[in-house]
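This report sets out selected features of the structure shown below. The reader may wish to keep the structure in view while following the sections.

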Amino acid sequence: MLMTQLKSKETIESLVAGKKVFILNCLGCKEIYFPEKEANELQKELSASGDVTGILTTDYVCNPDNLKLRLSKYQAEIDAADVVLVFSCGVGMQTVADYLENKRVYTACDTYPMPGFQGVTPLEYDCGQCGECYLNLTGGICPITACSKSLVNGQCGGSKDGKCEVDSNMECGWERIYRRLEKLGRLDAMKCPTQIRNYATDDETK
Amino acid sequence: MKITELFERGEFVVSAEVGPPKGIHIEHVVEEAKTYLKGVHAVNVTDNQSSVMRLGSLAVCKVLKDAGLNPIFQLTCRDRNRIALQSDLLSAAMLGIENLLLLTGDHTKMGDHPQAKPVFDLDSVSLIHTVKQLESGVDLGGNALVGEPPKFAKGAVVSPCSDSVDAQLAKMERKVRAGAEYFQTQAVFEPEKFIKFMEKAKQFGKPVQVGIIIPKSAGMAKFMNNNVAGVHVPDDMIEELKKDKEKTKAGITGVEIAARIIKECKPYCQGIHIMALGWESKVPALLEQAGLSE
Ligand code: SF4
Ligand code: SF4
């Protein structure tokens, strides 16, 4: 079971300030506990004050085929936007970022773990439910699950030929992140302040 | 003495690495260090290097310090969470250890306890940040330290011949911003690559010690090419090691190669860091041939 919470209003506003935005909501699984009401209110505010090219509320964006189908009708709105803002769990966000690999895709949510049933994680995207989603700093590739050491401040010295030191069949997650940021013209994200994991989020004592 | 003071004085700083043994007897380690490493400014003590469990870095630092050497305490994030790391940093300061080399560390799977839990609560960048915070008299939890805070020379590593050198430079910048004051590099066998790297790295304004390994044989060189990240020994060097087996075995060829690399890199960096890997006895000859012994 997962739980998504909205990032702070200031954080979300800073992601989209002065930009044309396309908003994507995922209401796929009930296990997600999506904060629908708060998200709606925030999106209304964004629409009133900012430049929203379109809003799509759909389900299962974590399924690439489904995502492709849903987004196909909104291509013009997406093309017109500078930023795609995704309201979903970490897996959904990664799927969207990978599919729209030349777009700046940002998540508005943090994904937390909840005791009980663990949602089935489809395909190659994995979210460790770290509770402080880093995807906006990493081009939509999860550093928690794509890096063997779950590093959040960049590549260790262990990658060889683009492969991880731990497993020569696995691509180095930070190499992928760096290349993705480079492609998106977002290498400035590497200059963000030092990130320190907060494990207290696990029991909501954040 | 803080290694940063040496850089400030404009010294070309030489350090060498010592690996603690898997056991409690270190007399020979100390003897070797006293005999062969007296010409170096500082001695790094590795922290369970390659994720192989050994005698502790901090304890060996203290023993070397008492023997008159200037230790650099290597500290990795693999085995300790932020509480243990900060506690060890305070212990180091109390024992008079002034130099740090702060690393993420190899994964536990690389070593002799692959079943162990990899910690990585912090990483190299957040560890540097943590040291800085302790130096300001506050721990990472925001609690005040009692009495005078510690003060260290904060070192970090970078891999200049890595195939993703741009990602390495980005990480280096993060380390500088977090508070790193000097850098030691992964072993360099391709001075051209190192020089190119330094053209970009010099913008950060931090001293860099080029990493030097004395190649012991063609087999070792090939092994490193296949297994060690960021290290590449070019073919002509491997040929050179193959040519005269006796000379190579005696360490003469390796010392010649390493001395040549040092001379080529010297104008572009602020020091060298020697990883002798058991060949500590060759260090004096290497320094002599590189024109660094006095
Ligand atoms: S950074 Fe990764 S683990 Fe954390 S919430 Fe985002 S997708 Fe999940
Ligand atoms: S090699 Fe890459 S993926 Fe592997 S631990 Fe280092 S940074 Fe992470």
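## A buried aromatic pair in chain B

In this predicted model, Phe7(B) and Tyr182(B) are both buried. Across all chains, the count of aromatic pairs comes to 3.

## A covered helix in chain A

Helix α5 of chain A spans residues 90-99 and is mostly covered, with 8 of its 10 residues buried. The buried residues of α5(A) are Gly90(A), Val91(A), Gly92(A), Met93(A), Gln94(A), Thr95(A), Val96(A) and Ala97(A).

What do the buried residues of α5(A) pack against? Their partners in chain A include the strands β2 (20-26), β4 (83-87), β5 (104-107) and β6 (109-113). The helices α3 (64-72) and α7 (173-183) of chain A also pack against these buried residues.

## Extent of the interface

The size of an interface is often expressed as the accessible area that is lost when the parts come together. Between chain B and chain A, the buried area is about 2,500 Å², and carbon and sulfur atoms give 47% of this area. Asp163(B), Lys171(B) and Arg174(B) supply 23% of the area that chain B buries against chain A, more than any other three residues.

In terms of residues, 33 from chain B are in contact with 30 from chain A.

## Polar and charged links

How many salt bridges are there between chain B and chain A? The count is 2. Lys191(A) forms a salt bridge with Glu173(B), in which the closest N and O atoms are 3.1 Å apart.

On the side of chain B that touches chain A, the helices α5 (124-135), α6 (165-178) and α8 (218-227) of chain B each supply at least two residues. Of the elements of chain B, α6(B) gives the most to this side, with 9 residues. By type, the residues of chain B on this side comprise 12 nonpolar, 10 polar and 11 charged.

Definitions and conventions
Residues numbered from 1 in each chain as written. Chains lettered and ligands numbered in written order. Predicted model: local features only at pLDDT ≥ 70, side-chain atom pairs only at ≥ 80, totals over all residues. Heavy atoms only, no water. Contact = heavy atoms within 4.5 Å. Buried area = accessible area lost by both parts, 1.4 Å probe. Salt bridge = Lys/Arg side-chain N within 4 Å of Asp/Glu carboxyl O. Helix = DSSP H or I, 4+ residues; strand = E, 2+ residues; numbered from the N terminus. Nonpolar A, V, L, I, M, F, W, Y, C, P; charged D, E, K, R; others polar. Phe/Tyr/Trp six-rings, centres within 6.5 Å; stacked < 30°, edge-to-face > 60°. Buried < 20%, exposed > 50% of the residue type's maximum accessible area, 1.4 Å probe, protein only.
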